[in-house]
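I opened this notebook to record what I looked up in one protein structure.

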Amino acid sequence: MTLFQKVLLGFVGLAAVLPLIGVPQYWLYTLTIGLYYAMLASSWSLLVGYVGRISFAQAAMSGLGAYVSVLTGMYLDLPVIPSLLLGVAAAGVLGLFIGWLTLRLHGAYLGLTTIAFGEILRITVTAEHQLTQGSRGLQVRPLIEGAGPATYYYIFLAAAVASVLLMLLLLRSRIGLFFQAIREDEDGTASLGVNVTLWKSLAFGCSTAFAGLAGGLYAHFVQLITPSMMSMQEMGYVLAMAVIGGFSNVVYAAFGGVLLQILLEALRELGEWRLAVFGIIAILMLRFAPNGVFGWLENLLKRKG
Amino acid sequence: MTLVAIAEQAANGLIISTFYALIALGIALIFGVLKIVNFAHGEFYMLGGYSCYLAVTLLGLPPIFGVVFAVVILMAVGVLVEQTLIKPIHTGKVDRPDEYAIMITFALAIMLLNLANSVFGPWPRRPAPVSRGIVEFGELIIPGDRLSAAGIGILLIVGLLLVLRYTWAGKAVRAVSQDRAAAETFGINISRVSMLSFGAGAALAGAAGALIGPVFNVVPAMGAVPAIKAYIVVVLGGLGSIPGAIVGALILGQVEVFATILIPDTNRALAYKDAYGLVVLILVLLVRPQGLFGKPERRA
């Protein structure tokens, strides 16, 4: 384990004791939202950073997980956990399907197709208002009846850490190698006997399943969801978070999500300018430091150490 | 449905097609030369609307100069963006250029959207239109502001086609989109053509925004929907194809106007209006990624 990895692990450890050392509830709430974005940004980086497949449907998939979880709970009277799992399954299966449909498409063509899928999902949720309340928003029951912010914070921390660990396990296995081989040279990988079709679809499905989990948890935490959580603007935030953290590494992308959410709250007096500045930073990062803030820091430490 | 109602719907479809074509032509021009899809195109369109608002409402220029102003400003913005963010792709300064191009233009879109939100606020603005009143063709009644905006749009499209067909710069643009390497061997300055086409593409989006601003409203988020429509149009016509962009726009305009009639519940029909084109987009990309007029690539 390098020094930098130890530092990051230290941050996770620090996060685990935050509610115990009297951090205000307001900041626990902010951090919980940040952990939602951490899951979403890292799930996106799993697909874009490792397999080299671009998707703009990640926010929509998180919304799908959220709406399936909430609606199955409302109409089928399922308890929270099974409905949450149904949301994950729905997002995963649809992701698998989209991944399989778009096998032939690359780059901008894939980007456009995923925008179309994301927007169709958002439009459908908005249009079927007798089911989803449309843009007025849907009331959601809490994850745990009467739980305080600290409980939610721990649940989200556990979910985010578990998600990232699962992704790392996946990436460390042979499958992770297949993913990266596909990113570097798809035809070459296929010629070596790797089932490119299977792994490309599966990568899409895994990534969207994690997004669905994040969305479902988020819905039962904020307890009011609207179709705007599936918008392209929301997708833009996720992209900015992953890019600023470092989209070629799931851990860095996750930290990017938390970091940006903290900054977003800390710089509240700047108003709308914050988002414009984040956009500029994301552009500069892509151009000059494609490994993100954390990738850049890691390199800096490596050179010193 | 009466004949007049059908004619009215068809005319509305034609007017909306003009704006789709203006925006889509910019995307096609940029894709043809640079082989990238500009995901910030809707935001260029939005900036065109605000340029028009600045010129007409704040500086008090006549409305037609609002369009000219928007074209000039957006040309400059396009050139600036191309020189700073897009050029590195073609000079080998970024690794994984495909993903870089997609993500950098998407990030640019988010940045411009929030910048407009900060500078102008989320309130709708409405610059004065080029003309007011209504125009009657027999029983058919069309609002004058829409008709004049569409008329200027058509003039711009015809102008662009003539420039592409007859001028040296236009021929250079077509040569580079057909074969980059061959064009370079024949002495065409690729980096200048790239700059020019990105600037012209942005200017077309700006002109569309300046023309629509007075008809609907100018708001920071105005670019999202037309941009997606324009992506549908270019994919339908074939990415990078100029005639494809025009035919695609004509088809989408009519499909949208008449497909609304298919769902009886009007509220739902309106809500789903934007989804039809997206279904078309997915189908075209899956079945025939080169679209109606594009040339097939080994890897789409």
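**Entry 1: the model.** I noted at the start that this is a predicted model.

**Entry 2: a nonpolar patch.** I asked which residues make the nonpolar surface patch of about 830 Å². I found A:L3, A:V7, A:F11, A:L14, A:V17, A:L20, A:I21, A:Y154 and A:L301. I then looked up which helix gives the most to this patch, and recorded helix α1 of chain A, residues 3-17, with five residues.

Entry 3: A:D77 is not a glycine, yet its phi is positive, at about 55°. I located A:D77 in the loop between α3 (58-76) and α4 (80-101) of chain A. A:D77 counts as exposed because its relative accessibility is 65%.

A:Q223 is also not a glycine and has a positive phi, of about 65°. I placed A:Q223 in the loop between α10 (196-222) and β2 (224-225) of chain A. With a relative accessible area of 27%, A:Q223 is partly exposed.

Entry 4: Is A:S231 buried or exposed? I recorded A:S231 as buried because its relative accessible area is 16%, and the cut-off for buried is under 20%. A:S231 is in the loop between β2 and α11 (232-245) of chain A. A polar atom of the A:S231 side chain lies 2.9 Å from the backbone oxygen of A:S228. Leaving aside neighbours within four places in sequence, I found A:S231 in contact with A:A59 and A:R122.

**Entry 5: the contact of chains A and B.** How many residues does each chain bring to the contact? I noted 47 residues from chain A and 46 residues from chain B. The area buried between the two chains is about 4,300 Å², and carbon and sulfur atoms give 73% of it. I looked for salt bridges across this interface and recorded zero. I did record three residue pairs in polar contact across the interface. On the side of chain B that touches chain A, the elements giving two or more residues are α3 (63-90), α4 (97-120), α9 (224-237) and α11 (266-287) of chain B. The largest share of that side, 16 residues, comes from α4(B).

Terms used
Residues are numbered from 1 along each chain as its sequence is written. Chains are lettered from A and ligands numbered from 1 in the order in which they are written. This is a predicted model: local features need pLDDT of at least 70, side-chain atom pairs count only at pLDDT 80 or more; totals for chains, interfaces and linings use all residues. Side-chain values use heavy atoms; hydrogens and water are left out. Patches are made of residues with over 30% relative accessible area and no salt bridge: like charges are joined within 9 Å, nonpolar side chains (Val, Leu, Ile, Met, Phe, Trp, Tyr) within 5 Å. Accessible areas come from the Shrake-Rupley method with a 1.4 Å probe; for residues, only the protein chains shown count as cover. A salt bridge is a side-chain nitrogen of Lys or Arg within 4 Å of a carboxyl oxygen of Asp or Glu. Helices (H or I, at least four residues) and strands (E, at least two) are DSSP runs, numbered from the N terminus. Buried means under 20% relative accessible area, exposed over 50%, partly exposed in between (1.4 Å probe, protein chains only). A polar contact is a pair of N or O atoms within 3.5 Å; within protein, one must be able to donate a hydrogen and the other to accept it, and residues adjacent in sequence count only if both atoms are side-chain atoms. Contact means heavy atoms within 4.5 Å. Buried area is the accessible area (1.4 Å probe) that two parts lose on being put together, summed over both.
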